[in-house]
Amino acid sequence: MQLRENNIKKLTGEVFDVLVVGAGINGASAAAALSGKGARVALIDRGDFASSTSMHSSNLVWGGIKYMESGDFALVRKLCKSRNHLIRSYPSTVQEIRFLTTIHEGFRYHPLYPWAGAWLYWLMGNGFTQRPHFLSTRAIKARESIIDIRRATGGFEYSDAYLHDNDARFVFNFVRNALDFGTVAANYVESVGARHEQGGWVVTAHDREADARFDIRARVLINASGPWVDEHNTLSGQRTAHRHVFSKGIHLIVPRLTGSRRVLAFFADDGRLFFVIPMGARTCIGTTDTRVERPEVAATDDDIRFVLENINSRLALDRPLTVSDIISIRCGVRPLAVKPSGGEKRDFLKLSRKHAIDVDRQARHLSIFGGKLTDCLNVGEEVAAEVRRLGVELAYPSYRWYGEPDRAVRDAFLHQARLMHLDDMTTESASEPLSQRLWRRYGAQAMEILEDIRQDPRQGEVLIEGTEYLRGELKLARRHEMVTRLEDFLRRRSKISLVVREEVIRASPGLREACQLLFGDQAQARLDEYLASTGSLIPDSLDEKA
Ligand SMILES: Cc1cc2nc3c(=O)[nH]c(=O)nc-3n(C[C@H](O)[C@H](O)[C@H](O)COP(=O)(O)OP(=O)(O)OC[C@H]3O[C@@H](n4cnc5c(N)ncnc54)[C@H](O)[C@@H]3O)c2cc1C
């Protein structure tokens with residue numbers, strides 16, 4: 001908490017070059033790019049970092065093969081290049097993965113047609129990944145026995161990439177980089193109003209933890225509040241060329257359905273691509289695409305039924321999946337950028353997923369619309385270029401503000417880990433060796449955990465049963481990761497509450513010690529706050545029928 005308290009003090013003490021409102025992927029990458037290149041940056045979010053759309057994605061880093069059907073080739077080409085760049089820059093986090101797509105009878109095309117599309121897709125991605133393969137129904141069954149091929153007509157396998165940990169952790173690592181570059185960031189600080197005054201911006205901020213208000217001053221204001229961009233522009237009196245429409249999507253996390261590390265893709269009953277995505281010891285299934293009017297959403301009975309029915313009719317499981325198999329639910333809205341002049345009237349599912357940055361030069365204000373996790377490096381670079389055009393000097397315009405630490409740092413970490421036999425401490429249920437996981441999550445900071453374990457071997461023990469997280473990781477989180485509420489750690493810095501049932505977490509004897517490690521003398525209050533929270537997102541109506 002010390003980091004947050006100090007940062008809140010710093011937020012009031014100076015005029016920043018740039019204030020970024022919203023710390024989802026767009027705000028986090030903008031802050032990392034700008035501060036890495038030398039700007040003085042402040043970053044606030046009214047919830048935790050990545051606590052909205054950016055924690056509800058499909059965890060895919062992909063060129064968007066499905067956008068080829070709507071002819072959005074420029075977007076596909078751009079996203080394929082971004083995907084390749086992310087795979088190269090984050091080799092332990094963003095990893096190539098095969099997509100096994102099964103085509104069923106009645107699908108709008110013969111399987112050869114999408115297979116040809118997969119080749120074009122591969123070429124548009126500069127042939128960076130493994131080549132596509134056409135698959136007969138027998139070959140599909142041989143690769144993945146859980147696929148029901150009775151109504152299948154064939155399929156194909158191609159490559160894209162996925163986030164090995166999860167989206168929220170990926171975003172947090174941009175926030176962490178931004179902090180390293182001097183960004184003054186704080187979670188649970190809301191912008192409740194912004195006015196232009198004497199050539200700069202004054203934002204009225206509300207510290208939701210202390211229930212206190214203060215002003216933050218900056219020369220440039222960036223509105224990166226995702227689905228709430230329009231709402232914030234109303235607060236600040238900004239008019240923009242774009243605005244958002246919303247598409248709701250849900251995912252269900254269930255026990256692991258198949259041991260293979262590949263994504264299974266199908267076309268759902270509404271004709272959209274539908275995925276079975278590996279998530280360590282779990283499987284993530286979804287998603288849906290429903291137009292909604294407001295960004296505040298929850299999964300409904302219909303959403304959940306749609307996902308379960310689609311999965312059950314395409315897989316040959318020992319028994320169908322039911323509500324009682326659901327471990328957790330992800331639900332968010334895709335903010336889609338449209339121009340009032342017509343874009344919105346197009347077939348909703350065909351609306352472009354491109355991002356747009358609207359700039360008001362006179363007021364020195366940027367609004368970031370739409371976008372994807374996959375697009376984050378482009379957003380960071382484009383925002384930095386725009387801010388520079390607005391007259392903010394960037395002392396290091398070519399600085400590479402993203403990517404894992406150099407190979408030499410990684411080799412040094414892995415060597416030390418080998419010498420102390422770290423991987424022998426890997427738990428039986430773990431999905432990968434400990435050294436690999438610690439490096440991917442913490443990069444160079446993972447060295448601190450090695451030192452803690454050397455000094456006290458208990459730091460290498462798992463604290464919350466059924467998870468892979470060590471005492472030493474919680475210590476590190478307290479120091480470096482601005483964990484303000486217990487949920488920040490359970491759901492976003494780690495993915496514990498995605499993969500462990502809520503009732504198991506709540507009953508875990510390790511939870512109290514976790515709170516002590518994370519919050520010190522505030523431990524009891526934070527534990528009580530968590531235990532009193534609303535809990536399960538599974539609708540009661542379905543719960544009863546489980
Ligand atoms: C179901 C689904 C699946 C998806 N799958 C993928 C995928 O596989 N791959 C991919 O690349 N993309 C995917 N996306 C898209 C991607 O997740 C989003 O485009 C992206 O996360 C949007 O990020 P953002 O930063 O714009 O918004 P957000 O993540 O919503 O961040 C905005 C932040 O602003 C904060 N905020 C709002 N108002 C204020 C205020 N007044 N003051 C302070 N803070 C404020 C919010 O708390 C929030 O944290 C998916 C999206 C969905 C919904």
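Biologist: Before we start, what should I know about the model and its numbering?

Modeller: This is a predicted model, in which local features need pLDDT of at least 70 and side-chain atom pairs count only at pLDDT 80 or more, while totals for chains, interfaces and linings use all residues. Residues are numbered from 1 along each chain as its sequence is written, and side-chain values use heavy atoms, with hydrogens and water left out.

Biologist: How do you know how many disulfides the structure holds?

Modeller: A disulfide is a pair of cysteine sulfur atoms within 2.5 Å, and the structure holds zero of them. Take C284: the nearest cysteine sulfur belongs to C331 and is 12 Å away, and C284 is in no disulfide.

Biologist: Why is C284 called buried?

Modeller: Buried means under 20% relative accessible area, exposed means over 50%, and partly exposed is in between, using a 1.4 Å probe and protein chains only. C284 has 2% relative accessibility, so it counts as buried. C515 has 1%, so it is called buried as well.

Biologist: What makes a residue part of the group around the ligand, and which are closest?

Modeller: A residue is near a molecule or strand if one of its heavy atoms lies within 4 Å of it. Here 36 residues surround the ligand, and the closest are D45, T53, S54, L60 and G371.

Biologist: Which side-chain atoms of T53 and T374 face an oxygen atom of the ligand, and at what distance?

Modeller: For T53, a side-chain N or O atom is 2.6 Å from an oxygen atom of the ligand. For T374, a side-chain N or O atom is 2.8 Å from an oxygen atom of the ligand. The backbone takes part too, with an N or O atom of L373 lying 2.9 Å from a ligand oxygen. The ligand taken alone exposes 1000 Å², of which the protein buries 97%; such areas come from the Shrake-Rupley method with a 1.4 Å probe, and for residues only the protein chains shown count as cover.

Biologist: What makes the contact between R330 and D167 a polar contact?

Modeller: A polar contact is a pair of N or O atoms within 3.5 Å; within protein, one must be able to donate a hydrogen and the other to accept it, and residues adjacent in sequence count only if both atoms are side-chain atoms. The side chains of R330 and D167 are joined at 2.6 Å. The R330 side chain also reaches the backbone oxygen of S57 at 2.8 Å. With a relative accessible area of 0%, R330 is buried.

Biologist: Is D165 buried or exposed?

Modeller: D165 has a relative accessible area of 8%, so it is buried.
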